[in-house]
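User: Hi! I'm new to this one and would like to walk through it with you. Could you show me the structure?

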Amino acid sequence: MKTIKIFIYSLTLLTFAFVNAQQNDITGLVSSYDLPIPGVSITLKGTTIGVITDFDGNFSMKASPTDILVISYLGYKTQELLVGRKIVINVTLIEDISQLEEIVLIGYGGVKKKDLTGAVSTVKGEELNKRSVPNIQDALGGQLPGVQVSSGGGAPGAEASITIRGFSTLNNNSPLYVVDDVALDDISFLTPNDVESIQVLKDASASAIYGSRASNGVVIITTKKGKVGKTSVSLNISSSMQSVANKPNMANATEYATIKNAASLNDGDSPLYLDPSNFGVGTDWWDQITQTALFHNVGLNISSGTEKLKVSSGFSYQNQEGIQKGGGFERITVRLNTEYKLLDNLTFVQDFNIGSSNTVNGPNLISDVQRLEPTTNPYLPSFELSPDINEFSIFSPTITDVPNAVGNLARNFNETDYIRGTASVSLNWEIIEGLSFKTHFATYFASFENNSFNPNYFIEPNDQRLVNAVNRTHNNRINNTWNNILTYSKDINEHSFTAMGGIITEDREHRTLSGQGLNIPSNEPSLRYLQAAEPGLFNASGNNENYNLLSYIGRLNYSFKGKYLLNATARTDGSSLFPEENKWASFSSVSGAWVVSDEDFIGEDSFISYLKIRAGWGQIGNDNRNSLPVTARLTTIANDFYTTGSEGTLAVGGVPGNVGNPNIKWETVEDFNLGVDINLFENKLGINLDVYKRKTFDMLMPKNIPAYLGSGYDAQWANVGNFENQGVDLGINFKTQLGNVKSNFTLNLSHYTANVSRLADGEAIRDGNHQRLNFLAITSEGQTPGLFYGYVTDGVFQNNTEINSHSDQFGNIIQPNAQPGDFRFKDLNGDGQLTEDGDREVIGDPTPDFTFGFIMNFEYKRFDFSALFRGSYGNDMLNAEKPYLSNGGELYNSYAGTLNNAWNGEGSTNSEPRLTIDDPNGNFKYSDYYIEDGSFLRLQNIQVGYNFKETLATKIGLKRARFYASAENVFTLTSYSGLDPDVGGSATLRGVEWGNYPLPRMVSMGLNLTF
């Protein structure tokens, strides 16, 4: 009997074990708010076995009754469910604010977003990939508050410029880029396809840990990394058609000749052309040099990983033609990131990013083709072509100082090859619980080569080159950084703290070499090398620059109950750019935050889901490594040549070639920030508001010195400037669902004002050199930098009585050369005459009242839609082409309609002067006539996508397939009359449109495939 009981008991156990070991087919649906969620990860706990939900939120997998499913998705609470005897498992995900606050990198470490105390903004890589642009800088436009992106033009491969919270110095204002823990000035070797996420550190309390390089803000870029799970392959392919977005409306040949005749008659001369209609339409120079261009983009990403080894690799290829003929850009990038767990407490990480590019540098002819006369044919007539004329001399001469644009294109041979990237290795050692050490070594390398050739040709005496020339330039740079960081974290009851300390070393070597050779035997491509130049007609030059930086850093993060937060940092830097006594400087920051929503008086049923108040103060050093020459502290001796005696005997003497300053020291940027982060209505509405004030002390800049101190050298670098900047950043996000439609709206606004509080000896800085207008902008103490400065118009003289009435107190006519139809200018100082020193004032401010971006995202079943608007309001623009194109003078072409718009009799207009070639009144000198409102609203990007059914994708071996169509630079609403109001510039000269290469309009189609 006992034996039978044992047998029955054993059989029961075996049966139970068999049932539990048997794997069943499990299916289910993952949803939220009754809508399916695609892409949710479902894994068997303790294994790497898993699946993701399809577009309809469905999943299927094999699992045993004893298995536990782990269901996770970014922004939602992770759930664990025992399979048991269920074969259908439906899951409802719940949004979790703690998950939405992912880890944010803040420099040599990271914190949860909830624990941030500084001003930090984040954007995901998938948002950048919606843009059909070749670089990351352009993709950031309109995405984040406080991040201003100004177009670098539409030339192939051109990059936008980024400033964070406006300007903080009169020198270089570019932010520091940090790519996978490597601090850089250049990210041209990366594409948006490489990016996992970007964090922007905007205030000193957030960026101070980067010390001397962080005074203009920090952009932290994390490239894609491997993840635990099955191998995933994603392929993104797109092709775009580029076209001119805004063609200037220029006069045709008949209208051009009519305008010139009218101007000549107004000057009392005879008409220049007997019958303008004989010219017909003439030459459209714009059409001669522009084209519809292609842009191809391919991105491949492969990711795989186990608990031991994680690998992510990527490949990108871009090929962009120029909408102006004669230019192009081609780039290949390769990325390989690995993470290998050598031991349970020791991890090896390797990151490798490299890009190789070729740029065909076409000449910028945008200004030329607007000024060229349409009465000239681009090519010489056949009867003027002699047998000995070469291929670069077959073009017609022009009647102005602007050369033939088609001939200029034919003579353009200029290419740049670039190889650059980063390679880094690191070891992460978890010494004991809470204590870790990381050593990280990285190299940035860049090799630049430019080759150009200028053929000999003859078109006319003012447009010729008698001797050809070949040029080559090499530029090589290596940066090495070595970080050694020790971090300790500890939780004691309700107290949590993390302490970090480290040593950073950096060295940089920059080598240049260039050569030019003249008079090679012919213009044949096979001879365009330096060695082929005529002996004795060759010159070369080169230079080496070295830079070193040693830094000691420390940071303490403290949290009490997870709602009272404190952050303090300290950094000491030593830079080789400064003399020994000023080499070292220390900088610190402190910030705190209060998570108000965690307090008991904010009930769980409150409409306030999350509320945090932040405040921070910090100081950052700036050694201006990209502006300050390495010889700034040194006085050098140079040769000076002069003649003596009646026979002019040549003598050589020694003079100071550079007057150094042994007392130069660090710039200091001090920053105060006050911010609030609030989520309302179950996190549907999010608001981030920051108010800041920034001051720069001891700004490095050139200071004028007496000419007798150096031959031809009139400036010395010194700490002689102060700068102030204050502003507001606002970000608003709203997400909702209506039936099957999910929507997300993001608005960001940025406002700042800048003021130069001190300059060297109080002397104003003048910038910009225009052929017609002289200097364009002025930077003075107590004012915004880069203000437009010129004469002030006061209407148009309608008759001689008005001319005679415009006089001083003694009856002296202020503008004696004026005629009816000429501008009346204000005599600001009342001295009875118009002078540059006394009668010019600020006539415009290129600083906008605010910049903004607005993003819309919609999802409906298998369709998705997104749109990005960006713009600027309240900024002035200088149309620097207008002096040539609006007056009918000097035989340049004019805007279409100029004849009808110009003054042509009393009462006809009080804003446009008469046409004139001689212009004795100086109507077209620099005045507010050229200043326009530069405000604009641009639909920067629009995209529509469709996700194919998984059943269709799997038939061809795909996990996911998406088709999309998009457009870039769709339209721009603006009152500005030039080609494009979106132009960048420097602190002392910006907002000037002067023949800028226009941004193309792109229409794209693409595929996103996942294998």
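User: What do the side chains of D822 and R914 meet in?

Analyst: The side chains of D822 and R914 meet in a salt bridge, with N to O at 2.8 Å. The term stands for a side-chain nitrogen of Lys or Arg within 4 Å of a carboxyl oxygen of Asp or Glu.

User: Where do D822 and R914 sit?

Analyst: D822 is in the loop between α10 (800–805) and β43 (823–825), and R914 is in the loop between α12 (898–901) and β48 (931–933). The pair links distant parts of the chain, 92 residues apart. Helices (H or I, at least four residues) and strands (E, at least two) are DSSP runs, numbered from the N terminus.

User: And are D822 and R914 buried or exposed?

Analyst: Both D822 and R914 are buried. Buried means under 20% relative accessible area, exposed over 50%, and partly exposed in between (1.4 Å probe, protein chains only).

User: Before we go on, what am I looking at?

Analyst: This is a predicted model, where local features need pLDDT of at least 70 and side-chain atom pairs count only at pLDDT 80 or more, while totals for chains, interfaces and linings use all residues. Residues are numbered from 1 along each chain as its sequence is written, and side-chain values use heavy atoms, with hydrogens and water left out.

User: How many salt bridges are there in the whole structure?

Analyst: A search of the whole structure finds 32. One of them joins K227 and E196, at 3.9 Å from N to O.

User: How accessible are K227 and E196?

Analyst: K227 is partly exposed, at 48% relative accessibility, and E196 is also partly exposed, at 30%.

User: Which residue does K202 form a salt bridge with?

Analyst: K202 pairs with D729, and their closest N and O atoms are 3.7 Å apart. K202 is in the loop between β16 and α5 (204–207) and D729 in strand β37 (residues 715–738), 527 residues apart. Both K202 and D729 are buried.

User: Changing topic: which residues form the nonpolar patch on the surface?

Analyst: L309, Y340, L342, L343, F348, V425, L427, F441 and W482 form it, with about 740 Å² of accessible area together. Patches are made of residues with over 30% relative accessible area and no salt bridge; like charges are joined within 9 Å, and nonpolar side chains (Val, Leu, Ile, Met, Phe, Trp, Tyr) within 5 Å. Accessible areas come from the Shrake-Rupley method with a 1.4 Å probe, and for residues only the protein chains shown count as cover.

User: Which strand gives the most to the nonpolar patch?

Analyst: β21 does, with three residues. β21 (328–343) and β23 (413–432) each supply at least two. L342 is in strand β21 and is partly exposed, with a relative accessible area of 34%.

User: How does β23 pair with β24?

Analyst: β23 and strand β24 (residues 435–454) pair in the antiparallel sense over 19 bridges. Two strands count as paired if DSSP finds at least two bridges between them. β23 and β24 form a hairpin with two residues between them, and G434 in the turn has a positive phi of about 90°.

User: What about β24 and β27, how many bridges there?

Analyst: β24 and strand β27 (residues 469–492) pair over 20 bridges, also in the antiparallel sense. F441 has W482 in β27 as its bridge partner, and both F441 and W482 belong to the nonpolar patch.
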